[in-house]
Amino acid sequence: METKSGPGTDAEAKLLSAFVVSSTFWLLFATAVGLLLSFKFPYPDLATSPYLSFGRLRAIHTNGTFYGFASIALVGLTFWVAARSSGVALQRRGLAWATLWAFNLAAVLGTISLDLGINNGDQEYREWVWWVEIFFLAAVVLALIVLVSTVAKRAEREIYIANWYTIGGCVFTVILGTTAILPWYQHGLGQVAVQAFYMHNAVGMWFTFLALGLTYYALPKLMNRPIYSYALGVLGFWTNLVFYPMIGAHHFLFSPLPWWFQTLAIVFSVGMLVPVWAGSGNFFLTMRGRWELVRRSQAAPFVFVGVLYYFIGSTQGTVEAFRGLQALWHFTSFTVGHSHLTMYGFITFIAWGGIYALLPLATGKKPSVLITGLHFWFAFLGVTIYVIALSIAGTMQGIAWASGNPFIASVESAAPYWLWRAVAGTMMFAGHVLFAYNVYLMTGARPARPAALAVSPA
Amino acid sequence: MNDVRILVAASAIVYGILALAMAVFPGLILSRTAPTPGLAPFTAQQLRGRDIYVSEGCAYCHTQQVRPLAQDRVFGRPAARGDFAYSTPELLGSERNGPDLSNVGARQPSAIWQYIHLYQPRSLVSASIMPSYAWLFEVKAHAAPGDLTVPVPAAYVARGHVVVASQDAQALVAYLLALKQAPLPKAKP
């Protein structure tokens with residue numbers, strides 16, 4: 001068995017670099033699309049073409065950020081975590097490369113087909129038709145094989161908790177994706193029930209599990225101490241697994257789905273406080289007393305914001321699930337703010353923290369301190385303004401509807417805050433360009449210092 | 001846990017059971033919901049229009065589900081389970097950047113209004129943020145026999161030109177006008 005503990009082999013560094021570069025491309029592309037969409041609110045006649053229209057680009061933005069950027073970045077990091085935490089080389093590296101190709105093939109085919117108007121309806125996060133989705137599912141199966149093969153060869157007796165989350169996330173997503181594709185139980189209202197399950201689980205059983213797994217590895221490494229509680233990690237794993245699949249119907253409150261089905265979703269949305277507080281509490285307690293270390297690290301501030309927004313965003317999700325508040329906020333921009341608080345504030349910040357923490361270890365090339373700082377502040381202030389603006393916009397819409405004014409009054413009352421959202425989106429996108437330059441420094445640029453084994457002429 | 005096979009198997013079994021209970025079985029049962037009495041299946045042209053509605057992502061901004069809440073009364077009666085029997089893929093939607101369309105065929109029955117509004121929404125509602133679907137129309141110097149010309153306000157079309165609705169535009173409007181809630185036999189909450 002080829003074993004190499006420590007920083008990992010050059011082949012692994014190349015693999016991680018390829019995943020990160022690829023994900024960065026999708027981040028830039030999909031958020032450029034998002035930026036265009038945000039400017040279509042104040043300027044609806046901007047870029048009037050079927051291929052640049054709101055109805056087609058919206059799904060390209062969401063699927064591109066989810067399955068292009070976040071999935072590729074997190075899976076690439078997950079491979080690295082599996083090998084390092086197991087103290088062995090990554091097994092089945094060929095399949096790991098195939099994973100990357102399959103993810104990219106899915107994202108390219110998905111983007112093209114959506115832009116041609118070929119989709120599954122507005123069923124959020126599963127707009128890709130089955131012959132696109134199948135490549136994505138293949139990638140997840142391949143990733144699962146790579147992770148299991150690597151963890152099975154580990155030097156330690158115990159499977160480190162990070163790998164529970166990442167292997168679990170792949171298992172759940174294979175089942176979830178299969179459930180979503182099969183057509184026999186998806187007609188009319190039946191499809192609504194499946195969609196309620198799918199859209200929520202795609203977020204909470206895939207991205208959340210990968211991001212938590214990554215944090216369980218990266219945060220102790222950054223803080224130079226073990227995770228505060230292994231048991232809280234295990235508690236979080238099982239409670240997330242059991243509670244999360246029950247809550248999808250809270251996206252369809254007041255819909256014709258059975259009332260008890262909706263109530264069940266609300267009850268378990270409250271139950272979700274257990275895994276969310278167990279996980280975020282565990283991470284905060286790992287950081288406790290070492291704030292100077294957090295402040296001085298390049299990667300740790302990203303992980304800190306990720307954990308903070310995991311806590312805030314998921315707790316907000318529980319509160320939002322109550323009927324009294326859904327009556328106000330359902331169908332408004334508030335929901336879009338919530339999804340950015342979680343998918344961006346939590347998932348994307350954790351992915352960035354993981355990249356800044358692990359990629360320099362793999363390649364021996366460091367990002368620029370100044371650029372990293374600017375990236376952090378643009379992205380952090382950007383998403384914070386974004387979420388606040390849309391939360392206000394959504395509240396204004398809800399109040400306008402409840403006051404019984406003509407519909408257009410809700411559009412007019414939200415309009416100023418939609419403009420703020422476009423400004424915030426511009427800041428976020430500027431952060432992504434800075435991040436891309438850092439990725440170049442960490443992968444493509446010539447190393448600032450000679451690699452450890454390179455023979456350097458005196 | 002020190003056996004990766006147990007981890008994979010336990011995760012798969014627990015999640016598999018939950019996926020059956022929360023997605024597959026509810027899907028199976030609710031897929032058999034009988035249509036609301038009086039709800040007509042879509043015609044071939046209306047289905048073509050529905051495909052365009054799906055392709056263009058109309059459902060990202062327009063819901064098709066009226067809630068049993070006071071603020072939704074303007075859109076029609078609360079949705080009943082049987083209303084969706086002919087609606088696959090489902091188009092219930094999740095955002096209302098525009099109004100609900102469950103009953104738009106009854107609320108806005110003018111085909112002419114729908115054509116002008118699709119061509120340029122701001123010609124009718126100045127604060128509207130809906131995209132213009134000009135590509136569903138043809139702008140030409142003279143209408144040919146059989147063309148359906150749309151009386152778009154002069155400010156929104158080049159002088160000496162007419163706007164003609166394509167087959168796709170006609171299908172889409174046919175679909176929109178077909179969106180009428182069937183009356184319920186008795187009042188339900």
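In chain A, 84% of the contacts with a separation of 6 or more are made by residues 24 or more positions apart; two residues are in contact if their C-beta atoms, placed from the backbone, lie within 7 Å. The model is a predicted one, in which local features need pLDDT of at least 70 and side-chain atom pairs count only at pLDDT 80 or more, whereas totals for chains, interfaces and linings use all residues. Residues are numbered from 1 along each chain as its sequence is written, and chains are lettered from A and ligands numbered from 1 in the order in which they are written.

The secondary structure of chain A consists of 15 helices and zero strands. Helices (H or I, at least four residues) and strands (E, at least two) are DSSP runs, numbered from the N terminus. The radius of gyration of chain A is 22 Å, close to the 23 Å that the globule rule gives for 458 residues, so chain A is as compact as a globular protein of that length. This radius is taken over C-alpha atoms, and the globule rule is 2.2 Å times the number of residues to the power 0.38. The C-alpha trace of chain A spans about 75 × 45 × 40 Å along its principal axes.

Of the 458 residues in chain A, 58% are buried. A residue is buried if 20 or more other C-beta atoms lie within 10 Å of its own, exposed if 12 or fewer, and partly exposed in between, with C-beta atoms placed from the backbone. The largest nonpolar core has 196 residues, of which A73(A), L74(A), A211(A), L214(A) and V303(A) touch the most other members. Such a core is a set of buried Ala, Val, Leu, Ile, Met, Phe, Trp, Tyr and Cys residues joined through C-beta atoms within 7 Å. Helix α6 (residues 189-223) of chain A contributes the largest share of this core, 23 residues. Beyond its neighbours within four places in sequence, A73(A) is in contact with F19(A), V20(A), S23(A), A351(A) and I355(A).

A further example is L142(A), which lies in helix α4 (residues 130-152) of chain A. L142(A) is buried, because 23 other C-beta atoms lie within 10 Å. Residues up to four places away in sequence aside, L142(A) touches L95(A), A98(A), T99(A) and A102(A). Although L142(A) and A96(A) are 46 residues apart in sequence, their C-alpha atoms are 7.0 Å apart in space.

Chain B contains an open sheet of three strands in the order β1-β3-β2, with antiparallel pairing. Its edge strands are β1 and β2 of chain B, each of which pairs on one side only. Two strands pair if DSSP finds at least two bridges between them. Four bridges join strand β1 (residues 137-140) to β3(B), and two join strand β2 (residues 149-150) to β3(B). Within β3(B), V164(B) is the bridge partner of E138(B) and also stands opposite T149(B), while V163(B) stands opposite V150(B). Strand β3 (residues 162-165) of chain B has a covered face, V163(B) and A165(B), and an uncovered one, V162(B) and V164(B).

The two chains also meet: 60 residues of chain B are in contact with 63 residues of chain A. On the side of chain B that touches chain A, α1 (4-31) and α2 (44-55) of chain B each supply at least two residues. Helix α1(B) gives the most to this side, with 18 residues.
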